[in-house]
Amino acid sequence: MSRALELAKLGRGHVSPNPMVGCVIVHNGRLIGEGWHRQYGGPHAEVNAVRSVADESLLPESTVYVTLEPCSHFGKTPPCADLLIEKKVKKVVVCNDDPNPLVAGQGLAKLRAAGIEVETGLLAEQGRDLNRRFFTFIEQKRPYLILKWAETADGFMAPSDFRPLPISGSLSRQLVHKWRTEEDAFLVGTNTARYDNPQLNVRLWSGRNPVRIVIDKTLKLPSSLHLFDGLQPTLVYSVVHPDAETVGAIHYIALDAEADFLTQLIADLYQRKIQSVVVEGGVGVLESFFSSGVWDEVNVFKSSKVLGDGLAAPKVRGRLVSTERIGEDWLMTYRN
Ligand code: AOF
Ligand code: ZN
């Protein structure tokens, strides 16, 4: 199952909003096949694993290790449970049950009804951690929310005059670009959009661009900003009515000024099937997520630079789960 989890990870950045799933097939203690869900809309892990087996006559004496309950529904592909039944595999060992209402136990029930031995819960905690975005999205009906910023050794996020000043080092910046290929969307507030003029695209890594999200409540941001270059899907949230709902790749969404802004924003992102969002700042937006209590993870790049004065970074909440050296910075990760 450890191997299956490793394989599952190879789908990162390619399968959202589907989960990352890996599968290995073992005959008499020998690995005879393996596969993973490589691409959204493509074959599931079990299909790829079965296809990789050279001698299918071994399958009735084999055990299938799969990180997610085999599906029972006709989605973009036929049900994996049916495939395993058709191949008459002996046993199926599963890491996590599939919370997707289209499956939710029916895959396991189908296998058992066909006389296949089924075991569940092997390395379940690792599996849930790997697919925490998928589980949060399905179970809580909202994207997985990651708050991220860089701060100086003395706790400042920017100089007081808003002048853009790199705080984290080049390796940290490269890591953030890698994240941009893996997470569905990156969000910034009005001041960050205006003063940092971020592009929120992928330049220092290779992979697909994320969706950009900008909060511009009164639609006052200048159209000359990179965010409005139309080069990648961009969602602009306001509380005033836009002139047009869609301008090329830019979508304007007017929320109800009387209702809670973040609650509506998060619900809208869920409707758009955005499974994970990295909130990049600024301080006001980060603080509002902290106060709402609706967030999952914090990533802080702590630099050794000292500013002496400036815009104070938010006070971190949550429990520290890891500390990692990234070039000259420390990356501290917290979970809610
Ligand atoms: C599996 N094996 O490798 C994956 C599964 O639209 P579809 O047909 O691709 O179905 C997507 C759903 O199938 C997804 O939401 C999840 O419930 C399950 N994913 N199931 O048996 C896999 N990726
Ligand atoms: Zn499937």
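Reader: What makes K302 buried?

Author: In this predicted model, K302 has 20 other C-beta atoms within 10 Å. A residue is called buried if 20 or more other C-beta atoms lie within 10 Å of its own, exposed if 12 or fewer, and partly exposed in between, with C-beta atoms placed from the backbone. K302 therefore counts as buried.

Reader: Which residues does K302 touch, and how do you know that they are in contact?

Author: Leaving aside residues up to four places away in sequence, K302 touches E151, A153, D329, W330 and M332. Two residues are in contact if their C-beta atoms, placed from the backbone, lie within 7 Å. One of these residues, E151, is 151 residues away from K302 along the chain, yet their C-alpha atoms are separated by 5.3 Å.

Reader: Where does K302 lie, and what joins that strand to β17?

Author: K302 lies in strand β14, which covers residues 297-302 and is joined by 6 bridges to strand β17, residues 329-335, the two running antiparallel. Helices (H or I, at least four residues) and strands (E, at least two) are DSSP runs, numbered from the N terminus, and two strands pair if DSSP finds at least two bridges between them. With 6 bridges, β14 and β17 are therefore a pair. V298 has Y334 in β17 as its bridge partner.

Reader: Why are β11 and β16 said to stand at the edges, and what is the order of the strands in their sheet?

Author: The sheet is open and has 10 strands in the order β11-β12-β10-β9-β8-β13-β6-β14-β17-β16, with mixed pairing. β11 (246-247) and β16 (319-326) each have a single partner strand, so one side of each is left without a neighbour in the sheet.

Reader: How do you know that both faces of β13 are covered, and which strands run parallel to β13?

Author: S276 and V278 on one side of β13, and V277 and V279 on the other, are all buried. β6 runs parallel to β13 and is joined to it by 4 bridges, with L145 and V277 as bridge partners. Strand β8 (residues 185-188) also runs parallel to β13, through 3 bridges, and here F186 has V278 as its partner.

Reader: What lies across β6, β9 and β13?

Author: Helix α10 (residues 283-292) lies across these three strands, β6 (144-151), β9 (211-215) and β13 (276-279), and runs at about 135° to β6. Axes are lines fitted to C-alpha atoms, for helices over the stretch in contact, and angles run from 0 to 180 degrees between N-to-C directions.

Reader: What makes β4 mostly covered, and in which sense does β4 pair with β3?

Author: Of the 6 residues of strand β4 (residues 91-96), 5 are buried. Strand β3 (residues 62-68) and β4 pair in the parallel sense over 5 bridges, and T63 stands opposite K91 in β4.

Reader: Which residues come nearest to ligand 1, and how is its shell divided by class?

Author: There are 17 residues around ligand 1, and V21, H44, A45, G75 and N100 come nearest; a residue is near a molecule or strand if its C-beta atom, placed from the backbone, lies within 6 Å of it. By class, the shell has 8 nonpolar, 6 polar and 3 charged residues, where Ala, Val, Leu, Ile, Met, Phe, Trp, Tyr, Cys and Pro count as nonpolar, Asp, Glu, Lys and Arg as charged, and the others, Gly among them, as polar.

Reader: How are the residues, chains and ligands labelled, and which limits apply to a predicted model?

Author: Residues are numbered from 1 along each chain as its sequence is written, while chains are lettered from A and ligands numbered from 1 in the order in which they are written. Because this is a predicted model, local features need pLDDT of at least 70 and side-chain atom pairs count only at pLDDT 80 or more, whereas totals for chains, interfaces and linings use all residues.
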